[in-house]
Structures are given as C-alpha cells and as structure tokens.
Amino acid sequence: MATPLLAGRGISLSFGGINALDGVAFAVEKGELFSIIGPNGAGKTSLLNCISGRYRPTRGAVLLDGQDITRRTTNQRAGLGIGRTFQNLALFGHMTVLDNIMVGRHHQLSHGFLTGMIYWIGGAEREEQTHRREVEEIIDFLEIQHIRGEIAGTLPYGLRKRVELARAVALKPRLLLLDEPMAGMNLEEKEDMARYIIDLNEEWGITVVMIEHDMGVVMDISHRVMVLDFGKKIAEGIPEDVQRHPDVRRAYLGADEAALLGTA
Amino acid sequence: MHPCGDFRTSYRADMTIFPTRASAYACVAGVLLLAAVPLVFDIYVLTLLIQIGYYGVAALGLNILVGFTGQISLGHSAFFGFGAFASAWLNNRFGIPVLLAIPLAGLMTAAVGVLFGVPAARIKGLYLAIATLASQFILQDFFARADWFTGGSAGAAAAPVAVGGFAFDTDQRYFYVVLVAVVAMYLGAANLLRTRDGRALVAVRDHYLSAEIMGINLTRYRILSFGISSFYAGVGGALFGHYLGFVSIEGFDILLSIQFLGMIIIGGLGSIMGSIMGTAFLVLLPEVMETAVKALAASGLGQMQAVADGIVYFKEMAIGLAIILFLIFEPDGLAHRWRQTKAYWKLYPFSY
Ligand SMILES: Nc1ncnc2c1ncn2[C@@H]1O[C@H](COP(=O)(O)OP(=O)(O)OP(=O)(O)O)[C@@H](O)[C@H]1O
Ligand SMILES: [Mg+2]
C-alpha cells in the first residue's frame, strides 16, 4: 500500500491534568477528503494543532508522506506543504484581502528585504507579478474578486472565512487543514463553501482534513470520517458506517443525535 | 480609494506604491518643488527641512519596528547616535568617503540592532520596552567610554560629504544630499512593504499565530525588524552627524527616543508618509511655539511676571501635550486625517 500523505501514530497530548488527546492513530491517503468530528472539547482542534505544529504531542508522532515531522516547527511545516484555516477568524486584519493572500505565498517567494527594497532592479517586481497572477486564479475561484482591495478586518464573517481559505490555498498546500470552515454560516454560504472544498479536493488535487460540526455536510462530502470523544478515537470509516456505529451514537446521545443523522 | 474613472488595466498598474496616478504625479512634483527650495528660501527654512529629513529617515525606521511589526523601542535615539559616530569613525579612521560611510554606518548600526534584537525577539510588551530601554543605556554608556570610537567627552569631528572635489558643505548643498537620501529610504520602505518580507512583518504584527502557519519564522522577522529599523536610525544619525560637522556624546538620550515615538504616533503608526508628517510636526512645533511665545511676551500680557514664567513652560510642554492630544483625538495620526481630507475633496461636493 502506498504511504499515506498524513499519519498520526499514537498521538497523546495533555495539558496539566487534562488529556486532550489519548493515543490517536489515523492515516489520510493522498487525495482524500477526511473529516474529524466529535462533541465539543473532544480534542479535534488539538489534533489539528499537533499536525500543523502549534502543539507538540506529549507522546506519538506525526508523519507527512512517511517522514516524521513531529519535531518540525510550525513555519517549517508550511514549507512542507501544510496549510490551514482556524476555527476562530485569524486574518491579518489591517491588510488588504490581496495582501493577506500574498502572505500565503511566503515560502514560494524568494526575494527578501534586500532585493525587495530595490523592487525594480533585482527581479522582485517580476516575481511579485508572476505570483500575483497565480493568486488571482485563487481569487477568481473563490469568487472574491470584488473585495480584493478591501481591508480584511472590515469584511463580513462569511467573506472573511473565504479569504482565510484563499490564503491557505495560496500556500500551494499538499495537505489542507480546515477547522470548522462552515461554522456560523447560513445555508447558502455553507453550500458555497462545500462546493469550494470539493473542488479544491477533486480539481486542485489537494488532500483535505476537515473538522466540521454540520453533520449533513460532513456525511455528504467526506470520503472518510474519524470520530473523537474525550481525546480518544472511537470510530473511523466511510460516512454510512460511522453514522451507524453504536459508540458514535452514544457519544452524540441526546440533543446532538438528530444532528448526527443530518436531519437537523 | 480611487477617483471615479481610474481603473487599473494590468497587475503592474495595480501594484504601484502610489494609490492613484495623480498621487504619483503629486509626489514627483513635490520632490521637484523641494529641489527648488534652496534657490528660493533662506537658511532658516533649509535648516528645518534638513532636520525633518534626517529625523524623518530615523522615524521611518522606528515606524517599521513599531507601526508595521508591532514591537516597541525606547532606545531608538541610541541607534541614531551610533550611526552618527559610526559614519564619522569610518571616515576619520579609515578614510572611507563620507558618501560611502553613511550607508556603511547604517549597516553597522543594523548589526548592532540585530544584536540587541536577538533577546528582544523572545519577549513582548512591557518586557520588551524595558529591554530596549536597556539598549538605550548600554549604548549611551558605550558612547561615553569608547574613546576610540566616539572621541569620548571630546566628541568626534564629522567631515562634510564630498564627491570628487565638490563638498556639500553649505546648507544649500547639503539639502540635496538629505533630499536624495530621504527619497531613497522612503521608496525603499514602500517597496519593502509590498514584497515578501514587508508583508511578513505586518503579518507578525496583525496575527502572529497565522503568520507562523503561513510559514513565517517569527523570531527571524522580529530580529529583522530591529535590524531594518536600526539601519534607518543609523543612516539618519549619519546624515545628522555630517550636517553638524561634529558629534557629541550628549543628546542621544531617552528624551530623543521618546520624541521619535512621538513623531510616529502623531504621523500615524504603520504609515510611511505619516512618518515624515509626524517628524515635520514635531520639528516645526517648537518653532511655532517660539514665535507664539515671542508674540505673547511682546504683548501686554507678557509683561505680567506669572504669564512670562508660564509661557516658557508652555513651550516645553507643547510636545507632550501634542502627543497626548493625538493619542486621544487622532490615534491614527496625521496620515489618516490626510487620507480623509483627500477622500472628502475627491467626491466634493457629494461627500456623503
Ligand atoms: N492550550 C490549552 N490549554 C489547556 N487546555 C487546552 C488547551 N487547548 C485545548 N485544551 C483542552 O483540550 C480539550 C480539547 O480541546 P479542543 O479545542 O481540541 O476541542 P475541540 O474538539 O476542538 O472542541 P470544539 O468543538 O469546541 O472546537 C478541551 O478540554 C480543552 O479545554
Ligand atoms: Mg475546535
């Protein structure tokens, strides 16, 4: 079997007394759209943080393409092709939308401050233009042309989420981590977002790991789903199987059950 | 904000440092007008403009550190001083032409800035403020002790800028040296901010966690920002030294550091043009106050002893008062006010 693009080996993470993650093991194949679900506080964001480098697991390892990246810093992992968005908005609020997205190009650009300051002479201008053209493709794809010059912090919530996605895509990720990309959106915005994610996965060939609470969307678009509860993996598989899994139903017992079945 | 009808047709046109073509022309025209100043105005005006020039270069450096990267420095004047001494030293000791010594002094100052920036990159807020205060005192102490570098209490002579046999030794001539330096340094900063490393600095300021996720090495950029900021301070200081012809160890104190902060707060944190506006404001303010005080003293009111004493203090207080008033009423600085005024006139008379 081919090496999975992303693999977690017995990832544990504790904060003082709390075990946010407890021996979580999983593998995501190249080209997959993989979702992580679980009740609030289950450890989903913590797991994403371990993958992107924000947290270092107390035990276990994270492998990208078979290579152990557990000791790599966050910014190095961006260079390896891991992009992500945050559960809470995390744009560069005072920059324009365009500049926000261009920051995503950080690793792709080679002109630093020295040649940057003499813009016209050292080739920085040409480089900026080349990347600008590519970034415009992302902007077109996510349909944010009309706001490219706006200051990111002044945009409405749904658009900001989209800009954040654009910024992560600008990084040319092999692996895209999305933390609740549809939280707080209305139905129409959710449908758009789902379409973008599917296109990124299918047409742009980006492997996606997504945390999402909207079960309807998750069960609809994911290839496989992993369920966390109290830091432990309780199920993993194709959406239909996961939905039927008794432990999953127990974890979601009560008010959330309807949500799990996607009937909410 | 673009006037109606000004559409961009290429990425190149959309990526200029000037928001509109008109503003580019205005800038060029402004520089050309300034170039004519020595032909028209007297030494008094030239002196003020030269001061605005070298302080303005240093203030821009501080703005890159504070306004664009979101750090703080209470020791900027020490780097300004270091640049002044370094340039004089390079010229006196090694005979390096002044015109070359000025940028080299900038590089030396940048190296010192990086040195102090290394520990500073790991701390934030109040702790960082205190650490930079330490750099202020360490450098001041160094100036007083390092006779070989600064001439100690005697100070150091700084030769005028000379190219071939032509010496820029009058205010009229030196004005052009400063003008070229200001234009180059400001263009450099504008370019920096529209390329990778400049965006990275702002990203670190706006959201350091996202910046890191985007692949930005926080430590590197926090240190880099100290380096760039010190480079500007060093060049500004060198211009200052060669203007006065003499660099003394006094004057590069915390008060001047605070004034640099005042310049960028008044001008607008995170605004390139704001840096020079704020500098102009703080350089001109004492002059205006001086005139006002003189007028007041000459009037009947000035004859009263209490008022006569008071107006002297009032002049001293003006800078502090200006900073406080700006912080309260115009926290975005002169640059912001300027943009709003422009926006108002652009749509006039339909400015709603
Ligand atoms: N930095 C931290 N310090 C202390 N505890 C933390 C930290 N980060 C997460 N935790 C704890 O770890 C557990 C898992 O949190 P996490 O944010 O990963 O949950 P989640 O599944 O993303 O929840 P939600 O659906 O609400 O976003 C929680 O109990 C949380 O309080
Ligand atoms: Mg979460």
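Chain A of this predicted model exposes about 11,000 Å² of surface, and carbon and sulfur atoms supply 50% of that area. Of the 264 residues in chain A, 55% count as buried. The chain is built from eleven helices and ten strands. Its radius of gyration is 19 Å, close to the 18 Å that the globule rule gives for 264 residues, so chain A is as compact as a globular protein of that length. Taken along the principal axes, the C-alpha atoms of chain A fill a box of roughly 65 × 40 × 40 Å. When contacts in chain A with a separation of 6 or more are considered, residues 24 or more positions apart account for 66% of them. The chain also carries 29 positive and 35 negative side chains, and the centres of these two sets lie 8 Å apart.

Thr45(A) belongs to helix 1 (residues 44–52) of chain A, while Gln87(A) sits in the loop between strand 6 (82–84) and helix 3 (97–103), so the pair ties together parts that are 42 residues apart in sequence. Thr45(A) counts as partly exposed, at 26% relative accessibility, and Gln87(A) is likewise partly exposed, with a relative accessible area of 31%.

Gly53(A) lies in the loop between helix 1 and strand 4 (59–64) of chain A, and its relative accessible area of 16% is under 20%, so Gly53(A) is buried. Leaving aside residues up to four places away in sequence, Gly53(A) touches Thr74(A) and Arg77(A). Phe86(A) is 33 residues from Gly53(A) along the chain, and the C-alpha atoms of these two residues are separated by 13 Å.

Two loop residues of chain A are worth a look for their backbone angles. In general, most residues other than glycine have a negative phi. Glu143(A), although it is not a glycine, has a positive phi of about 55 degrees. Glu143(A) is found in the loop between helix 5 (124–141) and helix 6 (157–170) of chain A, where it is partly exposed, with a relative accessible area of 37%. Phe230(A) is not a glycine either, and it has a positive phi of about 45 degrees. The place of Phe230(A) is the loop between strand 9 (224–229) and strand 10 (232–237) of chain A. With a relative accessible area of 70%, which is over the 50% cut-off, Phe230(A) is exposed.

The description now turns to chain B, whose secondary structure comes to 15 helices and four strands. A compact globule with 352 residues would have a radius of gyration near 20 Å, and chain B, with 21 Å, agrees with that value. The C-alpha atoms of chain B fill a box of roughly 60 × 60 × 50 Å along the principal axes. Of the 352 residues of chain B, 49% count as buried. The accessible surface of chain B comes to about 16,500 Å², of which 70% belongs to carbon and sulfur atoms. Among the contacts in chain B between residues at least 6 apart in sequence, 76% join residues that are at least 24 apart.

Ile138(B) and Leu100(B) are 38 residues apart along the chain, and their C-alpha atoms are separated by 27 Å.

Key
Residues numbered from 1 in each chain as written. Chains lettered and ligands numbered in written order. Predicted model: local features only at pLDDT ≥ 70, side-chain atom pairs only at ≥ 80, totals over all residues. Heavy atoms only, no water. Rg over C-alpha atoms; globule rule 2.2 N^0.38 Å. Buried < 20%, exposed > 50% of the residue type's maximum accessible area, 1.4 Å probe, protein only. Contact = heavy atoms within 4.5 Å. Areas by Shrake-Rupley, 256 points an atom, 1.4 Å probe, with all protein chains shown as cover. Lys, Arg positive; Asp, Glu negative; His and termini not counted. Charge placed at Lys NZ, Arg CZ, Asp CG, Glu CD.
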